[in-house]
Amino acid sequence: MARVYNFAAGPAMMPEPVLARVREELVDWRGHGLSVMEMPFTGPPFVDIAAAARRTLEELVGIPPGYRVLFMHGGAMAQFGLVPLNLLRGREAADYVETGYWSGRAIKEARRYCRVNVAASGGPCGFSRIPPQSEWRLDADAAYCHITANETVNGVEFHETPDIGNVPLVADMTSNFLSRPIDVARFGLIYASAQKNVGPTGLTILVLREELAGGAHPLTPNVFDYGVQAENESMYNTPATFSIYVAGLVFEWIKEQGGLVAMEVASKRKSGKLYDLIDDGGFYRCPVASEARSRVNVCFALADTSLDDRFLDEARGAGLVNLKGHKAVGGFRASLYNAMPEQGVDTLVDFMKDFAGRYG
Ligand SMILES: *Cc1c(COP(=O)(O)O)cnc(C)c1O
């Protein structure tokens, strides 16, 4: 079967040149006579692979002095608990901004560890906008303030980094990490699981302000203690070796494409084409306010929902797969991460125009 355009939210589409490279190197990595997945993680070849991946990432993002990149396990949902365990540092409260499904999950988990102050919520408007900062009610005792930079399920994205003064800003960037330049110095911690926009699952990337490491709650497992992992170059235990290797190839690929500025330009162009079509004519609709729309997860619905199944079937027939929206919100979602070629978006737009023409 030919490759399809895969609009899944994650695990998601990978750049084809990276897959080709992995296939080429799978059994015999660069003449070493073994696969990366067979290498001891402490041996020179893998240590070099991980160091090179980290260096390329640092270069791509522009990691300033005083920040550390960590490669961890457990996905972003593990971080929902690990953020309070590591960052409360004796305090009892934290601020969370609720902008959709994933921030809701983060809040629920954080409540097991601390007093959560929901500083603002988009809930009353059905998560169709990001509450403006003028409406946030921050807790003076909060150890940190948590945001979800892109709501993968609701299609809502922060387009400005909030300014909250000296309290560390923590961002779940799982679905928009590496899709645009990041001003790292504005954050205390950025975390992202890999399987949306970076690479295979099993890897979670953290960018941590160094001074925040080392104060974890005493019951925090060592493998999940930011300070312990920072001291051990993320190799306190066996890291996700194969995922780190593939992520490193993706970082190289992004660099070849022109880096994060090029990723941002492409994501604006790709999502813009789709939103323009959705807003045109009333056959499709997007519930999200235009200034809060995600460039990477475009959520939409058919005005006539009785056509939903037909839409998915015909899309699949045209080689456009995994367009079904998350079950929490229904409708459709086209995830347009870095690896989605513009041709994929053009094919989707043409299909949607044609579908609207036939059933509208
Ligand atoms: C997918 C996703 C998660 C969950 O990630 P896991 O790796 O499955 O734990 C959390 N936050 C956001 C924003 C996501 O998109």
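Is Arg293 buried or exposed, and what is its relative accessible area? Arg293 is buried, at a relative accessible area of 11%. The legends below come back to this residue, and they all describe a predicted model.

**View 1. Arg293 pairs with Asp279 in a salt bridge.** The closest N and O atoms of Asp279 and Arg293 are 2.9 Å apart. Asp279 belongs to helix H7, while Arg293 sits in the loop between strand E11 (284–285) and strand E12 (297–302), so this pair links parts that are 14 residues apart in sequence. The two partners can be told apart by their cover: Asp279 is partly exposed, at 49% relative accessibility, and Arg293 is buried, at 11%.

View 2. Glu264 counts as buried, with 18% relative accessibility.

**View 3. Arg180 and Glu157 join a loop to a strand.** Their side chains form a salt bridge with an N to O distance of 3.2 Å. Arg180 lies in the loop between strand E8 (169–172) and strand E9 (189–193), and Glu157 lies in strand E7 (residues 156–157), so the contact ties together parts 23 residues apart in sequence. Both Arg180 and Glu157 are buried. How many salt bridges does the structure hold? The count comes to 21 salt bridges.

View 4. Which residues come nearest to the ligand? Of the 14 residues around the ligand, the nearest are Met77, Thr152, Asp172, Ser193 and Lys196. Sorted by type, the shell around the ligand has four nonpolar, eight polar and two charged residues. Helix H3 (residues 75–87) gives the most to this shell, supplying four residues.

View 5. Look for Lys196, where a polar side-chain atom lies 2.6 Å from an oxygen atom of the ligand. Gln195 also brings in a polar side-chain atom, which lies 2.9 Å from a ligand oxygen atom. Ala76 takes part through its backbone: one of its N or O atoms lies 3.2 Å from an oxygen atom of the ligand. Taken alone, the ligand exposes 390 Å², and the protein buries 87% of that area.

**View 6. Cysteines without disulfides.** A disulfide is a covalent bond between the sulfur atoms of two cysteines. This structure holds zero disulfides. To count as a disulfide, the two sulfur atoms would need to be within 2.5 Å. Cys145 is buried, with a relative accessible area of 0%, and Cys299 is buried as well, with 9%.

Methods:
Residues are numbered from 1 along each chain as its sequence is written. This is a predicted model: local features need pLDDT of at least 70, side-chain atom pairs count only at pLDDT 80 or more; totals for chains, interfaces and linings use all residues. Side-chain values use heavy atoms; hydrogens and water are left out. Buried means under 20% relative accessible area, exposed over 50%, partly exposed in between (1.4 Å probe, protein chains only). A residue is near a molecule or strand if one of its heavy atoms lies within 4 Å of it. A polar contact is a pair of N or O atoms within 3.5 Å; within protein, one must be able to donate a hydrogen and the other to accept it, and residues adjacent in sequence count only if both atoms are side-chain atoms. Accessible areas come from the Shrake-Rupley method with a 1.4 Å probe; for residues, only the protein chains shown count as cover. Helices (H or I, at least four residues) and strands (E, at least two) are DSSP runs, numbered from the N terminus. Ala, Val, Leu, Ile, Met, Phe, Trp, Tyr, Cys and Pro count as nonpolar, Asp, Glu, Lys and Arg as charged, and the others, Gly among them, as polar. A salt bridge is a side-chain nitrogen of Lys or Arg within 4 Å of a carboxyl oxygen of Asp or Glu.
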